[in-house]
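Hello,

Here is the structure I promised to pass on.

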Amino acid sequence: MLTIKVPLKHIEEVREILMETEIISRNYKILTENNFGYIPINKEIVNVKLKGNIEKELKKNTKEKNPF
């Protein structure tokens, strides 16, 4: 299962964008831990436009993790 680690301050914005682009995996819940949220995704993020440094944060925080 792929997840992306997102700072909680950006979680809602990123969740909405991922839902619009159908990247978010709706079969799992978003988990939070230590001021970060782990959003389950179906595929690696490619060509998704985000504000500011959020895109860079997401790319470096996309990893194989199964906290579910």
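E12 and R15 both belong to helix α1, where they are 3 residues apart, about one turn of the helix. (Helices here are DSSP runs of H or I with at least four residues, strands are runs of E with at least two, and both are numbered from the N terminus.) An α-helix has 3.6 residues a turn, so residues three or four places apart point the same way. E12 and R15 form a salt bridge, with 2.5 Å between the closest N and O atoms. The term means a side-chain nitrogen of Lys or Arg within 4 Å of a carboxyl oxygen of Asp or Glu, and by that rule the count is 1 salt bridge.

Before going on: this is a predicted model, in which local features need pLDDT of at least 70 and side-chain atom pairs count only at pLDDT 80 or more, while totals for chains, interfaces and linings use all residues. Residues are numbered from 1 along each chain as its sequence is written, and side-chain values use heavy atoms, leaving out hydrogens and water.

How exposed is the pair? E12 counts as partly exposed because its relative accessibility is 40%, and R15 counts as partly exposed at 24%. (Buried is under 20% relative accessible area, exposed is over 50%, and partly exposed is in between, with a 1.4 Å probe and protein chains only.)

Helix α1 covers residues 11-20, and its buried residues are I11, V14, I17 and L18. They lie on the same side of α1 because they cover an arc of only 135° around the axis, taken from the directions from the helix axis to the C-beta atoms. Just after α1, E22 has a positive phi of about 60°.

Best wishes
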